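Visitor: I am new to this structure and would be grateful for a guided introduction. Might we look at the chain together?

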Amino acid sequence: MKNDFDEEEIPAEPVSPTGQYLNSTSLCVYILGVLESDVPIDDSHTLSLLQHVFLPINTRFSSIMTRDKNGEKKWMKVEVKLEDHIKVPNFSNEKSSSSLLLYDEDVDEYMSKIAMEYLPQNRPLWEIHIIKYPTRNAAGTLVFKLHHALGDGYSLMGALLSCLQRLDNPNLPFTLPSSNKKLLPKSSTIFKNNIFSSAFHSMSDFGWSILKSSLVEDDHTPIRSCGEDKMLRQVTISSVTFSFDHIKEVKSLLGVSINDVLAGLIFLGIRLYMQDIDLKSRNSQSTALVLFNTRNIRGYKSVKEMVEKSNNNGASWGNRFAFLHVPIPELSDSKYANPLEFIWEAQKEITRKKSSWATHLTAMFLNMVKRLRGSEAAARYVHSTLRNSSTTVSSIIGPVEQMALANHPIKGLYFMVVGPPESLTITIMSYIGKLRIAFGLEKGFMDKEKFKLCMEKSLEMIISAARNIST
């Protein structure tokens with residue numbers, strides 16, 4: 001929205017550079033947060049919960065993005081008409097009142113539909129969709145659609161946790177698994193290592209990132225259509241659920257991290273799908289953009305800590321993430337025989353790139369582009385970064401205990417990012433001992449059932465190979 005407003009009405013909070021890139025003429029990115037209820041949904045308390053629990057979390061949920069007289073984007077607080085943000089679908093092909101009938105196809109189509117729709121810029125950038133129809137996974141489904149400019153997965157997960165309670169004991173806080181690895185190195189770490197080697201790798205990674213974002217495109221493959229650029233590419237959303245114990249078993253057997261196992265599993269699953277569609281594509285040039293949180297913290301902070309202006313703990317609200325360009329390993333005959341190579345290659349590549357300064361240099365480059373040519377030019381660069389790659393992979397840590405929302409036990413939880421100009425988007429969510437891997441697949445181009453089977457086969461191959469090594 002490009003409204004002017006009087007000087008005294010200028011809101012205190014400017015829109016962050018990343019927030020501007022994600023809501024521009026070149027790029028419009030949303031997050032769909034999906035909560036699957038274990039019981040039929042009673043929405044009688046929706047208005048009260050939104051008014052007294054959701055809106056107070058952050059003023060951005062009651063603000064619109066606008067411009068001041070200097071053309072700078074700001075968050076301006078407005079009156080929220082909650083009824084405009086609540087959607088309750090009524091499927092026209094309703095089968096009957098029988099509780100035994102399921103509506104998986106209807107829900108899938110509805111999700112695809114809302115993924116394609118723009119949120120109006122003249123009201124706060126979020127909606128809640130209450131789907132009261134049962135599926136194989138749930139008695140009802142809640143979908144929060146939020147503009148990515150409001151915050152990243154870390155911020156929005158913190159907001160979600162503040163709205164829900166533990167099912168076993170609402171008075172106790174959630175337990176969240178945390179990583180012992182730091183995401184970015186401190187300056188001293190660089191100097192403790194070979195400074196020349198670190199500098200060389202950092203400049204090499206930065207240079208390659210610039211090339212990949214501007215000149216060098218991935219090959220046309222079964223996961224990259226190279227189709228005409230579209231704002232909000234039409235997608236089909238699907239997912240697969242794995243036991244967290246299986247992932248931890250492989251982690252322990254190989255002596256790697258959970259993220260290493262997941263990256264290897266996903267990369268192998270992608271290549272299996274590509275090979276199944278077109279044998280030659282198993283060796284094509286394909287790149288994954290792996291997103292990671294740049295906050296130097298462990299676990300989640302409270303919403304209050306995140307939104308405090310004096311926050312010095314690195315846990316501030318907003319969009320604080322970076323891309324790593326990670327080549328998807330080719331599927332050679334030797335790697336098919338030993339799929340664990342996908343995990344080791346992913347570990348080596350991601351670890352090296354996390355310890356370089358390429359992400360810092362890229363952030364500085366984007367800021368320079370924004371200062372010299374404006375936020376729209378920087379947004380076009382981000383769009384090109386996404387378009388030239390084959391997929392984006394992001395993950396969020398969820399609670400160990402089961403959650404409840406207004407006495408509705410939450411059986412399943414996952415999220416999807418929609419809007420990037422790619423044919424494939426992958427997200428990972430942990431929750432109550434399970435890992436949910438969700439896929440956003442370009443509709444009419446990718447086969448969701450075949451892709452899901454390839455991911456399941458990937459895990460089977462990796463578990464078998466890891467157990468063989470242990471014996």
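Guide: In helix α7, Phe244, Ile247, Lys248, Val250 and Lys251 meet Ile258, Val261, Leu262 and Leu265 of α8, where contact means heavy atoms within 4.5 Å. This is a predicted model, in which local features need pLDDT of at least 70, side-chain atom pairs count only at pLDDT 80 or more, and totals for chains, interfaces and linings use all residues. Residues are numbered from 1 along each chain as its sequence is written, and side-chain values use heavy atoms, leaving out hydrogens and water.

Visitor: Are α7 and α8 roughly parallel or roughly perpendicular to each other?

Guide: Helix α7 (residues 244–254) packs on helix α8 (residues 258–277) with axes 9 Å apart, at an angle of about 105°. Angles of 65 to 115 degrees count as roughly perpendicular, under 35 as roughly parallel. The two helices, α7 and α8, are therefore roughly perpendicular.

Visitor: Why is strand β2 largely enclosed by the rest of the structure?

Guide: Buried means under 20% relative accessible area (1.4 Å probe, protein chains only). On one side of β2 Ser63, Met65 and Arg67 are buried, and on the other Ile64 and Thr66. Strand β2 (residues 63–67) is largely enclosed because its buried residues are five of the five.

Visitor: In β3, which residue is the bridge partner of Ser63?

Guide: β2 pairs with strand β3 (residues 73–77) in the antiparallel sense, over five bridges; pairing requires that DSSP finds at least two bridges. The partner of Ser63 in β3 is Lys77.

Methods
Axes fitted to C-alpha atoms, helices over the stretch in contact; angles between N-to-C directions. Helix = DSSP H or I, 4+ residues; strand = E, 2+ residues; numbered from the N terminus. Parallel < 35°, antiparallel > 145°, perpendicular 65-115°, else oblique. Buried < 20%, exposed > 50% of the residue type's maximum accessible area, 1.4 Å probe, protein only.
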